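Dear colleague,

Please find below the structure that I am handing over to you, together with its sequence. My notes on what was found follow it.

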Amino acid sequence: MAPNMPPQPPLQHSTTAVADGQSHGHTAPPKGILRWLLTTNHKEIGSLYLIFSLTMFFIGGIFALVVRAELFQPGLQLVEPEFFNQMTTMHGLIMVFAAVMPAFTGLANWMIPLQIGAPDMALPRLNNFSFWLLPVAFTLLLSTLFMPGGGPNFGWTFYAPLSTTYAPPSTTFFILALHIAGISSILGAINIIATILNMRAPGMRLMDMPLFVWTWLITAFLLIAVMPVLAGVITMMLMDINFGTSFFDAAGGGDPVLFQHLFWFFGHPEVYIMILPAFGIVSAIIPTFARKPLFGYASMVYATAAIALLSFLVWAHHMFVVGLPLVAELFFMYSTMLIAVPTGVKVFNWVTTLFRGSISFESPMLFALAFVVLFTIGGFSGLMLAIAPADFQYHDTYFVVAHFHYVLVPGAIFAIMAGVYYWLPKWTGHYPNERLAQWHFWFSIIGVNLTFFPMHFAGLAGMPRRIPDYALQFADFNLLSSIGAFFFGASQLLFVLVVILCVRGGKKAPAKAWEGAVDLEWTVPSPAPLHTFETPPVFHRTSH
Amino acid sequence: MRSRWRWLMAISLAASGAQAQANGWNMPVGVTDVSSDIYGLHMTIFWICVVIGVVVFGAMFYSLFRYRHSKGAKAAHFHEHTSVEVLWTAIPILILVGMAVPATATLKNMYDSSDAELDVMITGQQWRWRYEYLGEDVAFTSNMSTPRTQISGEEARGEHYLLEVDEPLVLPINRKVRFLMTSDDVIHSWWVPDLAVKQDTIPGFINENWVKINEPGIYRGQCAELCGIDHGFMPVVVHAVEEEEFENWLADRKEAAEQEAMGVDREWEMDELVERGESVYQSICSSCHQAEGQGAPPAFPALANNEQLISDVDWHLDKVINGVSGAAMPAFRSTLNPVELAAVVTYSRNAWGNDTGDVVQPSEVAELIAQ
């Protein structure tokens, strides 16, 4: 990406945005529910996204706990396999599309305008529309659980023909729900790109932007590139189910493997969509609490871009056992291994940022440090999975489940929680209750490792994923995982408590809530007023 | 080429020890050359990751401990260092190349299914495996034999709970056996950890894999790709035997198959058919239509007191032989032989209160299939 590109935020745009912001100030906002339905304010929409995401995190979490309760011991005790399959599927879909992705979009809404000195998002009405599509999409998706034949039961990866010829009748609604969620993501991404490219404070070059902004810019391009592919593949399913085509039906000359190529061409970049913004959050928090500038800012940006580009070239590593030709296996093995290089650069940069810093351990920092360690462990198992011959043993086992939960739970979700604790003083004007937040941290770290670490062993010992009952040699690992899952789930109630307490009161936070914080959001008062940067700030190039 | 890397794997094998095997918390070394190569790769990469982890996390925790704000640490202000950054980009690339070379060799070997001495066709079906010894006229289906009462907890669970079948796949040791793998319905994945064979079986595709087993024994695995309700109840059992024993077994199966084929032409008594039909029903049909024919509507209709079934024998035969398109009911024309088809239809027309008194002869079924 061009480091010396003259940015020159077009003055015209800034003034339009300012004028837009002011017009809100002059007309009294509608009261009650209408205020939230009609809001075009980036902070209010950001809060809506975050509240929605947290709600869905608990719904998806309850589904996971149904799964873990059934797997607590061998045998079928609580649910039938049919419902078990709906729970694993819905857990995955809700966590990916309704919890993690909207949480990052919520953080982007709140923080990107504040971090680049913009008065709002570039397209405020579109912003409102992107958000309100989500409750529609996921109400529709969740309603399939109550339809005859039940909800989606074919895994969040919905491989054809299990998801077409053999799927329950509600699958058409599932497709519609994903379409709506996809449109929301694409519109959100367009808005973020438009905001970042057009509305930076005068003097802020691309290479001056905080890394959260950078990682989101790259993520937004990934979203625009791959969400249409997802839309395409689910439309093909829709045709196969309802209009007699045979894209994925071998009996009609179709190709079930084509489904997987298309799905993973979306699915692998999707994995990075869920982790790149996390890199950005951690890259803001670690320097703040080490009181030392981020090491290797430029290489962080290049590494993020490299990971994003590589993410388009590795999709078939999810398909090492479908019978790809040898040459394809080798290509996808090498390209996947290569991702370790830019990812390693990031980890080394974070560690070097800590080196010779002046480090304190407030709750955002604890979550960020746990992210670095546990995400790296997820990266190690990812490297092992990249080795195609070994993947013949790992594939579709609990080893894979352990791997992706390590990168998604103590990876993406810990980073989101770190970000929430980091920015809560800016949002509410109060510090979160540090004591409770630390309890939340230690409970979470114990819960997450107790849940997911034994899954490595279960997988290596031969336990396939997505089974409602298992052979007796896997009993101990499953017992531990189930205990850990309930412990982790319960400790997330602490998180809700901390957030609610923080909204209602607490120690007052100054504009610059953290001693080592440097970005533009810390120049506006805490809590941030509804409208900020109506006059663009002058950006001084000291932060990086 | 591969032997050059054997020393590396040997070190890993030694370092990890057999302890992990006994406890069942690591990948099995297995009983083929490929499986032990894979195990070696797995342990090599595991130890590389451990070393990297110790270095990185060591540096991290040293910094966290040494440069605490609470101990008055003053922050330095450096924020880049080109040569260090180049170094930690270059070194990982070298390590990766070191990993890729043995992995490539192993993968090439795994893909070489040439010169096989025996071909076995493996077909995935919801929710059983069908094995066909190509060119030998021997074929059978393999169903989970764990009783449902053990799953529900009414009965104590056995040692091989969920990993036992009515008829295992029998293979000779020391012979290269090629697998040709496909599916009749959704995607399944045939996996036996000790053989390091995991391959998706995909409708419309024939995948290849191979195995050369070094030690006789019973090796257990299961379906690894979500394939519907009974995905968790689709085990694989391989019985690896000495070559001579295999030849004898194969000869016995051939003879039994010939006898069965002759049985098509003779007239069968109702009792014989019902008895045979009950065992076919319990191993093939009961996973969906349930042990007492009560079904699990709406997906799996009841057979007991099913008006259409009772009144129309031709309809009943058609559904069993040809399946129901667009629904979960598969076509059993090639899975079951005419005797089994006739028996199971006769049984379900005379069980659970369906007292039709109908007898369907194997010869009638054979004629229907031929049409």
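What share of the contacts in chain B with a separation of 6 or more comes from residues 24 or more positions apart? The figure is 66%, where two residues are in contact if their C-beta atoms, placed from the backbone, lie within 7 Å.

This is a predicted model, in which local features need pLDDT of at least 70 and side-chain atom pairs count only at pLDDT 80 or more, while totals for chains, interfaces and linings use all residues. Residues are numbered from 1 along each chain as its sequence is written, and chains are lettered from A and ligands numbered from 1 in the order in which they are written.

Chain B as a whole

Chain B contains eleven helices and ten strands; helices (H or I, at least four residues) and strands (E, at least two) are DSSP runs, numbered from the N terminus. Chain B is more spread out than a compact globule, because its radius of gyration is 28 Å, well over the 21 Å that the globule rule gives for 371 residues. That radius is taken over C-alpha atoms, and the rule is 2.2 Å times the number of residues to the power 0.38. Along the principal axes, the C-alpha atoms of chain B fill a box of roughly 95 × 50 × 40 Å. Of its 371 residues, 38% count as buried. A residue is buried if 20 or more other C-beta atoms lie within 10 Å of its own, exposed if 12 or fewer, and partly exposed in between, with C-beta atoms placed from the backbone.

The domain assignment divides chain B into domain 1 (3-110), domain 2 (118-261) and domain 3 (264-370); such bounds come from an automatic or database assignment. The C-alpha centres of domain 1 and domain 2 of chain B lie 36 Å apart. Eight residues of domain 1 of chain B are in contact with eleven residues of domain 2 of chain B.

Helix α10 of chain B (residues 338-348) is largely enclosed by the rest of the structure, because eleven of its eleven residues are buried. Among them are Glu340(B), Thr346(B) and Tyr347(B). The buried residues of α10(B) pack against α6 (243-263), α7 (270-289), α9 (313-322) and α11 (362-370) of chain B. In the loop between α10 and α11 of chain B, Trp352(B) has a positive phi of about 50° although it is not a glycine. Trp352(B) counts as partly exposed, with 17 C-beta neighbours inside 10 Å.

The contact between the chains

The contact takes 79 residues from chain B and 77 residues from chain A. On the side of chain B that touches chain A, α4(B) gives the most, with 14 residues.

Chain A

UniProt, in an unreviewed entry, places the feature "domain: Cytochrome oxidase subunit I profile" at residues 36-540 of chain A; such annotations may be inferred rather than shown by experiment, and the positions are in the numbering used here, with feature names shortened. This span of chain A is 68% helix and 0% strand.

A cis peptide bond links Ala160(A) to Pro161(A), with omega near 0°, and Pro161(A) lies in the loop between α5 (124-143) and α6 (171-198) of chain A. Ser526(A) and Pro527(A) are also joined by a cis peptide bond, with omega about -5°. Arg291(A), not a glycine, has a positive phi of about 55°, and Arg291(A) is buried, with 22 other C-beta atoms within 10 Å.

Yours sincerely
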